[in-house]
Structures are given as structure tokens and as C-alpha cells.
Amino acid sequence: MSYEVVQVEIQGHLQIIRFNRPNKKNAISSKMYEEISIALERAAHNDQIVIVALTGVGEYYSSGNDITGSFGGNMEDVVAAASNKFE
């Protein structure tokens, strides 16, 4: 399996999933959620894997959800959606 935004490495009984968007402080996008889910599913079905570690590439583990990615990168839509939550 080829991943775009995570790196997956197996060392013995350990599977390491690295968030690989250092230019975005490893903010978690919908694509990253998809790839993390696939990697975890594969680990669950591999009897050799007994532990999974999550980490980030670069200086940051993760800055949280990439909210701009959820709205097509339009910050005005992000602000409008947040404002609607409090009306």
C-alpha cells in the first residue's frame, strides 16, 4: 500500500504511523484520517503487530484537525461555519 500523507513502518512487533505533513504542522486532513484508518485496520489483522505508535514527521506531532481542508481551503467558510455553531 502506498500512502500520501502518512508513513508506515513495521519494526518487529511494532507498527509506527508517522503523520507526514510537516509544512502544515501535521494537521490532520480527511485524507490523513483515511490513511490512518487503513494502517490501523491492517495492524489489527496482522498477528505480528502488538503495538502501534503514532508520531509526527518534523518538529510537531500534530496541530490537530486541518479545518481549512474540511471546507475546501476557504477560510471564510470556516469562519461562517464556526459562527453558525454559536447562534
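User: A salt bridge is a side-chain nitrogen of Lys or Arg within 4 Å of a carboxyl oxygen of Asp or Glu. How many salt bridges does the structure hold?
Analyst: This is a predicted model, in which local features need pLDDT of at least 70, side-chain atom pairs count only at pLDDT 80 or more, and totals for chains, interfaces and linings use all residues; side-chain values use heavy atoms, leaving out hydrogens and water. Residues are numbered from 1 along each chain as its sequence is written. The number of salt bridges held by the structure is 5.

User: In what order do the elements of the chain run from the N terminus on?
Analyst: Helices (H or I, at least four residues) and strands (E, at least two) are DSSP runs, numbered from the N terminus. The chain has 2 helices and 3 strands. Read from the N terminus on, the order is β-β-α-β-α.

User: Which strands are the edge strands of the sheet?
Analyst: Two strands pair if DSSP finds at least two bridges between them. The sheet is open, with 3 strands in the order β1-β2-β3 and mixed pairing. Two of them pair on one side only, and these edge strands are β1 (6-11) and β3 (51-56).

User: Which residue in β3 is the bridge partner of Phe19?
Analyst: Strand β2 covers residues 14-19 and pairs with β3 in the parallel sense over 6 bridges. Phe19 has a bridge partner in β3, and that residue is Gly56.

User: What angle does the direction of helix α1 make with that of β2?
Analyst: Helix α1 (residues 30-44) packs on the sheet and touches β1, β2 and β3; contact means heavy atoms within 4.5 Å. Axes are lines fitted to C-alpha atoms, for helices over the stretch in contact, and angles run from 0 to 180 degrees between N-to-C directions. Between the directions of α1 and β2, the angle is about 180°.

User: Lys31 and Glu35 form a salt bridge. Why are Lys31 and Glu35 separated by about one helical turn?
Analyst: The closest N and O atoms of Lys31 and Glu35 are 3.9 Å apart. The separation is about one helical turn because Lys31 and Glu35 are 4 residues apart in helix α1.

User: Is Glu35 buried or exposed?
Analyst: Buried means under 20% relative accessible area, exposed over 50%, and partly exposed in between (1.4 Å probe, protein chains only). Lys31 has 29% relative accessibility, so Lys31 counts as partly exposed. Glu35 has a relative accessible area of 2%, so Glu35 is buried.

User: By what distance are the C-alpha atoms of Val5 and Glu35 separated?
Analyst: Val5 is found in the segment before β1, and its 13% relative accessibility makes it buried. Val5 and Glu35 are 30 residues apart along the chain, and their C-alpha atoms are separated by 7.4 Å.

User: How many residues apart are Arg21 and Asp66?
Analyst: The side chains of Arg21 and Asp66 meet in a salt bridge (3.1 Å, N to O). Arg21 is buried at a relative accessible area of 13%, and Asp66 is buried at 12%. Arg21 lies in the loop between β2 and α1 and Asp66 in the loop between β3 and α2 (75-85), so the pair links distant parts of the chain; their separation in residues is 45.

User: With which residue does Arg18 form a salt bridge?
Analyst: Arg18 is partly exposed, at 22% relative accessibility. The closest N and O atoms of the pair are 2.8 Å apart. The partner of Arg18 is Glu9.

User: What is the relative accessible area of Asn26?
Analyst: Most residues other than glycine have a negative phi. Asn26 has a positive phi of about 55° although it is not a glycine. Asn26 sits in the loop between β2 and α1. Asn26 is buried, and its relative accessible area is 0%.

User: What is the relative accessible area of Val52?
Analyst: Val52 lies in strand β3. Together with Leu40, Leu54 and Tyr61, Val52 makes a nonpolar surface patch of about 330 Å². Val52 is partly exposed, and its relative accessible area is 32%.

Note on methods. Patch = residues over 30% accessible without salt bridge, like charges linked within 9 Å, V, L, I, M, F, W, Y side chains within 5 Å. Areas by Shrake-Rupley, 256 points an atom, 1.4 Å probe, with all protein chains shown as cover.
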